Amino acid sequence: MLVTNIETIPGKRVTTHLGMVQGNTVRAKHVGRDIMAGLKNVFGGELVGYTELLQESREEATARMVHQANEIGANAVVNVRYSTSSVTAGAAELFAYGTAVIVE
Amino acid sequence: MYLDLYIFAALLVLGFFFGRLAEKKHFKSIIAREKKYRQLLTFSGRLLPPDLDRADAELVGGNVVISIDYFKRIAAGLRSIVGGRVTTYESLLERARREAILRMKEAAIAKGATMVVNVKLETSSITKGKGQQIGCVEVYAYGTALSPILT
């Protein structure tokens, strides 16, 4: 599965457009990480726990999008975009969407 | 009696010194790594270079969550009374963006890419503290890494 965030796959020709595919995940932080984050809020600096959490969640959202594309018979997803939103306090939604296509 | 006040003062002092130290160290490391990865070209445009015939394309990204220190948060709170530039948050966001781009570049280099096109940056605040103040900010940078196929 080829995934890009431009309209095409370089060197390949898009033969069929299959429409939009998407994947999302909502993750909450856990208490241990929150306590560490509370400390970091005093000293400043990177919150490694959150960075990893969000990276994992984004990979999960991308994997779901790719899975959906696989199901409808695509072999590439182009024009992928990410979006993040906080639904409630302490939880974030990560969303990935793109266009499923068949390339030669 | 004055315990609250002492704690507040201690947090301010800790935040001021450690936050300043951390920021200085971070900027130093950012500048060093930016120099190191300068040969990797990044474009915010979505069009491919015309001389590129064949290349492997792959999505790469890098993210970072950075928190502001206690002193700066208080300083920003004071600033919001009179209005104007909130320099403390400016430097926080700048650090976060540059760091995220660097991590994306690292991921691209690990895949053997020579350029990254269509770089997008996304900023979001993950936690909101008391009074809806932003405690920390997340920046995600992503783009399409291109590695030319040698024929």
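Student: What is the strand order in the open sheet of four strands in chain A?

Tutor: First, the general idea. Strands of a sheet pair through backbone hydrogen bonds, either parallel or antiparallel. In this predicted model, the order is β1-β4-β5-β2, and the pairing is mixed.

Student: Which are the edge strands?

Tutor: An edge strand pairs on one side only. Here the edges are β1 (2-3) and β2 (14-28) of chain A.

Student: How many bridges join strand β4 to strand β5 of chain A?

Tutor: Nine. Strand β4 covers residues 76-86, strand β5 covers residues 91-103, and the two run antiparallel. Take one pair to find your place: A:Arg81 has A:Tyr97, in β5(A), as its bridge partner.

Student: Where does helix α2 of chain A lie?

Tutor: Helix α2 spans residues 48-71 and lies across β1, β2, β4 and β5 of chain A. Its direction is at about 145° to β2(A).

Student: What pattern does chain A follow along the sequence?

Tutor: Read it as β-β-α-β-α-β-β. That gives two helices and five strands.

Student: Is chain A a compact globule or more spread out?

Tutor: Compare the radius of gyration with the globule rule. Chain A has 17 Å, well over the 13 Å that the rule gives for 104 residues, so it is more spread out than a compact globule. The C-alpha trace spans about 55 × 25 × 15 Å along its principal axes.

Student: What share of the 104 residues in chain A is buried?

Tutor: Buried residues make up 32%.

Student: Which share of contacts joins residues at least 24 apart?

Tutor: Count contacts between residues at least 6 apart in sequence. In chain A, 76% of these join residues at least 24 apart.

How values were computed. Residues numbered from 1 in each chain as written. Chains lettered and ligands numbered in written order. Predicted model: local features only at pLDDT ≥ 70, side-chain atom pairs only at ≥ 80, totals over all residues. Rg over C-alpha atoms; globule rule 2.2 N^0.38 Å. Buried ≥ 20, exposed ≤ 12 C-beta atoms within 10 Å, placed from the backbone. Contact = placed C-beta atoms within 7 Å. Pairing = 2+ DSSP bridges. Axes fitted to C-alpha atoms, helices over the stretch in contact; angles between N-to-C directions.
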